Amino acid sequence: MNNEYCVMFAGQSVQETGMGKELWKNPAARNILQRLTASLGTDLEHITTEMGEEELAKTFHAQRCIHACHVANWSAYKAAHPETIPNGVVGHSMGIVAALVAAEAMTVEDSGTFIHARAQSFADVCARFDAAQGLAAVAADFLGDWTEKINAFPGVSLALHNTIGRGTIGGKLADLEAFAAKVEAEGWPLRLKLLKVEGPYHTKAFAPARAALAEALGKVELKAPKVPVFMGTSGKREEDPARIRELLVAQADSPELHFDAVWAAYDHGCRNFLEVAYKPQPVTWLGDQLQNEDGALMPGVHALAVRTAEL
């Protein structure tokens, strides 16, 4: 049996109250909690086990919670399945930091230092908005056919391209609502839904976070990954530590090309994809990503979703 997997990590939005409660009973995961508490905060166990949904949805809490659970789930899985060999990693948005840990390019402790700075800088940007801003999920048969129209609309831009037909757009809420009205008036085959988030991540609104991210990266060590890393900021395989640093900074206000990153992994030869999480997400998108011209899943692709409860 093939034990090689391209390991996937989700981005912000997968946080749920209590997602770490069962996880911390696992000795390997508990060790990660202890190693991350110094950097991510003494409230880390509380936010991953008890914090309510409304508070947990805040950027500063959500990113810390998700990252701790990402690294812990992967550590617990590796302890139970030492025969598993990563042959690539893909991180969706903030999930790239956990992916870098899995690729042994960043230590657990350094990842916590960077995620804390990322979460704080993103929260600071949100707090300074002079008008309500956010994201809207957008769906179409082929989202790529609509990218130009989305980016051409005043105040709106594509923030994340996740699958063939799905992504998110960002901007001020007034501009998002105006775009929704335009879609309806023109009869465009697009479906939109406003998301409950604090800001339009991966758009130019988050350019002010760059300085804090660069400063934080100056305090951590980043090594050459031991397995291929596929980054959504570029949509490509990245292996140079200096280049990865640049992309981690640019990620703040650059569109997340997750769809391209997954295809880059496939083109590299990755066929088996694995996600270990409270509720796996990106691994479930493969059927709407790696399609042939007939809309069927590309040959040889297999997805393994492992829930925390199964560890």
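**Cavity, pockets and salt bridges**

Author: Ala10, Val14, Glu16, Met19, Cys69, His70, Asn73, Glu275, Ala277, Tyr278 and Lys279 line the largest cavity. The model is predicted, so local features need pLDDT of at least 70 and side-chain atom pairs pLDDT 80 or more, while totals for chains, interfaces and linings use all residues. Residues are numbered from 1 along each chain as its sequence is written, and side-chain values use heavy atoms, without hydrogens and water.

Reader: What is a cavity, and what is a pocket?

Author: Rolling a probe the size of a water molecule over the atoms shows where empty space is left. The search runs on a 1 Å grid over the protein atoms alone. A cavity is a set of points where a 1.4 Å probe fits but cannot get out. A pocket is an open set with protein on both sides within 12 Å along at least five of seven lines. Lining residues have an atom within 4 Å of a point. Points are joined across faces, edges and corners, and the volume is the space filled by probe spheres set on them.

Reader: How many cavities of 30 Å³ or more does the whole structure hold?

Author: One. The volume of the largest cavity is about 80 Å³. Helix 4 and strand 9 each give two or more residues to its lining. Helix 4 supplies the largest share, three residues. Here helices (H or I, at least four residues) and strands (E, at least two) are DSSP runs, numbered from the N terminus.

Reader: How does the lining of the largest cavity divide by residue class?

Author: Six nonpolar, two polar and three charged. Ala, Val, Leu, Ile, Met, Phe, Trp, Tyr, Cys and Pro count as nonpolar; Asp, Glu, Lys and Arg as charged; the others, Gly among them, as polar.

Reader: What volume has the largest pocket?

Author: About 790 Å³. Its lining has 31 residues, and Gln12, Ser13, Thr168, Leu195 and Gln281 lie nearest the centre. Helix 6 (108-127), strand 3 (133-139), strand 5 (166-172) and strand 6 (191-194) each give two or more of the lining residues. Strand 3 gives the largest share, four residues. By class, the lining has eleven nonpolar, 13 polar and seven charged residues.

Reader: And which residues are closest to the centre of the second largest pocket?

Author: Lys78, Val101, Glu104, Met106 and Val108, from a lining of 15. This pocket holds about 240 Å³ of space. Helix 4 leads its lining with the largest share, four residues. The classes are eight nonpolar, two polar and five charged.

Reader: Now the charged pairs. How many salt bridges does a search of the whole structure find?

Author: Side chains of opposite charge can pair when their charged atoms come close. The search finds twelve salt bridges (a side-chain nitrogen of Lys or Arg within 4 Å of a carboxyl oxygen of Asp or Glu). One of them joins Glu16 and Lys279, at 3.2 Å, N to O. Glu16 lies in the loop between strand 1 (4-9) and helix 1, and Lys279 in the loop between strand 9 (272-277) and strand 10 (302-307), so the pair ties together parts 263 residues apart in sequence. Both residues also line the largest cavity.

Reader: Is Glu238 buried or exposed?

Author: Buried, at 7% relative accessibility (buried means under 20% relative accessible area, exposed over 50%, partly exposed in between; 1.4 Å probe, protein chains only). Glu238 forms a salt bridge with Arg243, at 3.4 Å, N to O. Arg243 is partly exposed, at 33%.
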